[in-house]
Amino acid sequence: AGAFKIRGASNAILSLSRDELLKGIATHSSGNHAQAVALAASRRNAKAYIVMPKNSSSVKVEAVKGYGGEITWSDPDLCSREDTLDLVKNQTGATFVHPYDDDRIIAGQSTCMQEFLEQTNNELDAVFAPIGGGGLMSGTALAVKHFSPEVEVYGAEPRLAGDAYEAVKLGKWVPAKPPTTVADGLRTALGRRNFEIIHKEVMEIFLVEEEEILDAMRLIWERMKIIIEPSCAVPVAALIRNKEKFFGKNVGIILSGGNVDLGKLGRYFGN
């Protein structure tokens, strides 16, 4: 499904009983979790009801449809997403699989870091992951704590969607402001369960600017020949911005997804 989200979605949906699957699965997502739920549901022959914001990337919308998901539109803000989801659940009786504030989702996402540590023979000094709702970041932190606790764990957010940064600074979960970042996969609110883990286990969260995100995205495209989406470029940008802090260290970055709307390349990089 083009992103790490398939791990958590598969773990959650594989844990459901046949009776739960009969009425389908429901979620809200701007794209990557939506695709993952639609695909994971199809593998269990279950219906997927997906609430998506009207400003979702067209490439992610088409993928959800391609995997058999039934889309219901909402406004971009979290309240609208959750209210629309409640309507869908009431109409269908579907089981809700939260995009990030769910133990099964966090456990599934943690396998990214588990495999990363295995593939690098536990030789990393530090790791970076992006933060949106916090499923990947909290799963990363827990995997490091369990398998390689000497590794330092860092998060990265766009400044225009920096609610996790603010929450950690204040020491309490805070409601997210409407995000406008180019990193569409991070336009969501930090989960309460995720905050508790991140606050305890992540050493520091770095903020990056929109131009830095696109510069990092371009760098990975041009130098590594790997297609990454803006959300995926956020931790790359954070490391570049703070490279002196990590000089001489082995730093791992989770490249979280590559679902890019090719029709927006001109907007990303200019004509």
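Leaving aside neighbours within four places in sequence, Ser29 is in contact with Ala34, Val51, Met52, Pro53, Ser56 and Arg81, where contact means heavy atoms within 4.5 Å. The structure is a predicted model, in which local features need pLDDT of at least 70 and side-chain atom pairs count only at pLDDT 80 or more, while totals for chains, interfaces and linings use all residues. Residues are numbered from 1 along each chain as its sequence is written, and side-chain values use heavy atoms, with hydrogens and water left out.

Ser29 sits in the loop between strand E1 (25-28) and H3, the helices (H or I, at least four residues) and strands (E, at least two) being DSSP runs numbered from the N terminus. With a relative accessible area of 4%, Ser29 is buried, on a scale where buried means under 20% relative accessible area, exposed over 50%, and partly exposed in between, for a 1.4 Å probe and protein chains only. A polar atom of the Ser29 side chain lies 2.9 Å from the backbone nitrogen of Gly31, and a polar atom of that side chain lies 3.0 Å from the backbone nitrogen of Ala34. Both pairs are listed as polar contacts, that is, pairs of N or O atoms within 3.5 Å, of which, within protein, one must be able to donate a hydrogen and the other to accept it, and for which residues adjacent in sequence count only if both atoms are side-chain atoms.

Rolling a probe the size of a water molecule over the atoms shows where empty space is left. On a 1 Å grid over the protein atoms alone, a cavity is a set of points where a 1.4 Å probe fits but cannot get out, whereas a pocket is an open set with protein on both sides within 12 Å along at least five of seven lines, and lining residues have an atom within 4 Å of a point. Grid points are joined across faces, edges and corners, and a volume is the space filled by probe spheres set on the points.

By this rule there are two cavities of 30 Å³ or more. The largest cavity has a volume of about 280 Å³ and is lined by 26 residues, of which Phe4, Lys5, Gly133, Gly185 and Leu186 lie nearest its centre. Helix H3 (32-43) and helix H7 (135-147) each supply at least two residues of this lining, and H7 gives the most, with three residues. By class, the lining of the largest cavity has eight nonpolar, 15 polar and three charged residues, where Ala, Val, Leu, Ile, Met, Phe, Trp, Tyr, Cys and Pro count as nonpolar, Asp, Glu, Lys and Arg as charged, and the others, Gly among them, as polar. The second largest cavity, with a volume of about 30 Å³, is lined by Ser57, Asp184, Glu229, Pro230, Asn259, Val260, Asp261 and Tyr268, and these residues divide into three nonpolar, two polar and three charged.

Of the 20 residues that line the largest pocket, Pro76, Asp77, Leu78, Pro178 and Pro179 lie nearest its centre, and helix H5 (residues 78-92) gives the most to the lining, with three residues. That lining has ten nonpolar, five polar and five charged residues. The second largest pocket, with about 240 Å³ of space, is lined by 15 residues, of which Ala161, Gly162, Asp163, Glu166 and Lys177 lie nearest its centre. Helix H8 (residues 163-170) gives the most to the lining of the second largest pocket, with three residues, and the lining divides into nine nonpolar, two polar and four charged residues.

Most residues other than glycine have a negative phi. Asn121, however, has a positive phi, near 55°; Asn121 is placed in the loop between helix H6 (103-119) and strand E5 (126-130) and is exposed, with a relative accessible area of 57%. Lys225 likewise has a positive phi, near 60°, lies in the loop between helix H10 (210-224) and helix H11 (230-241), and is exposed at 64% relative accessible area.

A search of the whole structure finds zero disulfides, a disulfide being a pair of cysteine sulfur atoms within 2.5 Å. Cys112 is in no disulfide, and the nearest cysteine sulfur, that of Cys232, is 11 Å away. Cys112 counts as buried at 12% relative accessibility, whereas Cys79 is exposed, with a relative accessible area of 53%.
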